[in-house]
Amino acid sequence: MLSVHRLSSGFEFSPDEIRDAVRKRRLLSMELELSLACNFRCAYCYVTDQAHREPELTPDEIRDVILQAQELGARKIILLGGEPMIYPDLLGAVRFIRGRGLDVEMFTNGTNVSPDVARQLFGLETAVVLKMNSFRRETQDLLAGTEGAYDSIQAALAHLKAAGYPAPGRRLCVSSVICRQNLDELPALWQWARDQGIEPYLEMITPQENAARNHWLDVEPAQVGALFARLAEIDRVRYGKSWEPQPPLVGNRCLRHQFSCLVNAFGRVMPCVGVTVPVGSIRERKLRDILAESEVIQDLRNYRQMIQGPCAACEKAADCYGCRGAAYQLTGNYLASDPLCWRNQGKEKEVGQLPRDVDSMIPQKAPMRVVNRLLTVGERFAVVEAVIPPDSPFLGQDGMLDEAAFLEIIAQATAALNGFRTPNNQTAAPAGYLLGARKLDIRGTARAGDRLKVHVFKLARYGDFGIVQGTISKGDEVVALGEVKVWHNSEAAAVASGVPQAVES
């Protein structure tokens, strides 16, 4: 009999558990960066290289956010870095998590996994995911950017196995990225892991930070698709495990945004390590409030209605949205289709790249339309471009933009942000009205041909009514700023998503 295979990192939760977590806006797991300190310099690392980092989370803040996650229903804490094993009190953190009755899973490059530490991890029932990219010393060291990485990883593996891994309740996984340098050996690595009861965790590289610069790692999507298909056949024939190939994880679905989130080393909450859109900080607000009020989190949890481009129409759309990290890093749009999916090749112009024209996002048409392109979208904010046409009805006889038009520009930029979040089963841009303004401060002028950038941020929302702060700039000069009160019809979006509209503050 064929079994449905599930891997580590929180993806073993049942469909019913995941649906319940979405409906109740709760968690099943949380990814937590203890620190960004690391002794490897991996060529594919996602961590931003910051010359002057802000203070990292204190032990008290780490314990507090773990308790907050547990209150939201989390049953597992996934420890990331940096390198967790060089965190000064790693074992203390693991004991705290296990003492709360939570599962713990740790991604590590094997540093400091001595025989004694391996035994302690085994005793604490810690799931260990060892970053092992190759059987070849030169390849492993190249990818880790560190001489001796291969020997360190192999020593850690030997110590973990000597301590009793893998065993019931003590999972051992090997994590490997798919790249040009190891592509030929991954089927053998997969079978080696399977034969030893080790869970293979193979994933596509998210093109960010180091990986975005190191194109020598790149593999063509067609080759990646062929690898997935080959591994699926190996599992079906040799191990009796059946699964559908889909990016970015071999043998699994990455739907983590349904039930998980990342808290980075500075306390910022993000959907995952690839979708680097901060939705709040635990140093400023409670995790519960951040997740409940985040539009980005809501969009990703309602991916069936919100994903844009060919992924929305794919035959796999019910259970797959590709890699959200790859989509965001390559398009600037966390709702775009995954450009690296082998099924999307040849459809690059349709994936939902930003910047893009606002024509379909706002109800205003020429000549009343005064904004042109949506440049950037984040948590409750957008940056929109407005180029003043020579025939604009908002121009005076002197060719200068009427001051009242600045309010209309802010309102239309807000409409573009709301239109961007229109469910993919709604064909028309949502209706909206500018109801009033306050704190309007005109600091400069604009004329025909000027290219303006409009930054809008939703200060508050009360049902369909919202207060939006807008700043209009011409180059480095702020020409106007103020707040507008707007109304947008969110009923269609609410019905499509099945999630009540949150009150934000």
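Residues are numbered from 1 along each chain as its sequence is written, and side-chain values use heavy atoms, with hydrogens and water left out. Because the model is predicted, local features need pLDDT of at least 70 and side-chain atom pairs count only at pLDDT 80 or more, whereas totals for chains, interfaces and linings use all residues.

Secondary structure elements are DSSP runs numbered from the N terminus, with helices (H or I) of at least four residues and strands (E) of at least two. Nine strands form an open sheet with mixed pairing, in the order β7-β6-β5-β4-β3-β2-β9-β10-β11. At its edges stand β7 (199-204) and β11 (280-281), each with a single partner strand, so one side of each has no neighbour in the sheet. Two strands are taken to pair if DSSP finds at least two bridges between them. Strand β2 (residues 29-33) pairs with strand β9 (residues 262-263) in the parallel sense over two bridges, and Glu31 has Leu262 in β9 as its bridge partner.

Strands β5 and β6 run parallel and are joined by four bridges; Lys131 has Ser175 of β6 as its bridge partner. Six bridges pair β6 with β7, also in the parallel sense, and Ile178 is bridged to Met204 in β7. From β6 the chain crosses through helix α7 (residues 186-195) to β7 in a right-handed β-α-β crossover, that is, with the strands pointing away from the viewer, the path from the first strand over the helix to the second runs clockwise.

Burial is expressed as relative accessible area (1.4 Å probe, protein chains only): buried is under 20%, exposed is over 50%, and partly exposed lies in between. Seven of the seven residues of β6 are buried, so this strand is largely enclosed by the rest of the structure. Leu172, Val174, Ser176 and Ile178 point one way from β6, and Cys173, Ser175 and Val177 point the other way. In strand β5 (residues 127-131), Val128 is buried, with a relative accessible area of 1%. Contacts of Val128 (heavy atoms within 4.5 Å), apart from neighbours within four places in sequence, include Leu172 and Cys173 as well as Met106, Leu121 and Tyr165.

A nonpolar core is a set of buried Ala, Val, Leu, Ile, Met, Phe, Trp, Tyr and Cys residues joined through side-chain atoms within 4.5 Å. The largest such core has 129 residues, of which Met30, Leu32, Leu79, Leu287 and Ile409 touch the most other members. Helix α15 (residues 404-420) gives the most to this core, with 10 residues. A second, separate core has 11 residues, among them Leu80, Val129, Met270 and Val273.

Most residues other than glycine have a negative phi, and most peptide bonds are trans. The bond from Tyr165 to Pro166 is cis, with omega near -15 degrees, and Pro166 is in the loop between α6 (149-163) and β6 (172-178). A cis bond is also found from Ala366 to Pro367, with omega near 5 degrees; Pro367 lies in the loop between β12 (356-357) and β13 (373-378). Glu125 has a positive phi, near 55 degrees, and lies in the loop between α4 (115-123) and β5; at 34% relative accessibility, Glu125 is partly exposed. For Glu209, phi is near 50 degrees, and this residue is in the loop between β7 and α8 (210-213).

Salt bridges (a side-chain nitrogen of Lys or Arg within 4 Å of a carboxyl oxygen of Asp or Glu) number 34. In one of them, Arg137 and Asp151 have their closest N and O atoms 2.8 Å apart. Arg137 is in helix α5 (residues 137-144) and Asp151 in helix α6, so the pair ties together parts 14 residues apart in sequence. Glu199 and Arg171 form another salt bridge (3.1 Å, N to O), linking strand β7 to the loop between α6 and β6 across 28 residues. Glu199 is buried at 17%, whereas Arg171 is partly exposed at 24%.

The salt bridge of Arg421 with Glu295 has its closest N and O atoms 3.7 Å apart. Arg421 lies in the loop between α15 and β15 (432-442) and Glu295 in helix α11 (residues 295-301), so parts 126 residues apart in sequence are tied together. Arg421 is buried at 12%, and Glu295 is buried at 3%. Glu295 and Arg421 belong to a network of salt bridges that also includes Asp299, Lys458 and Arg461.
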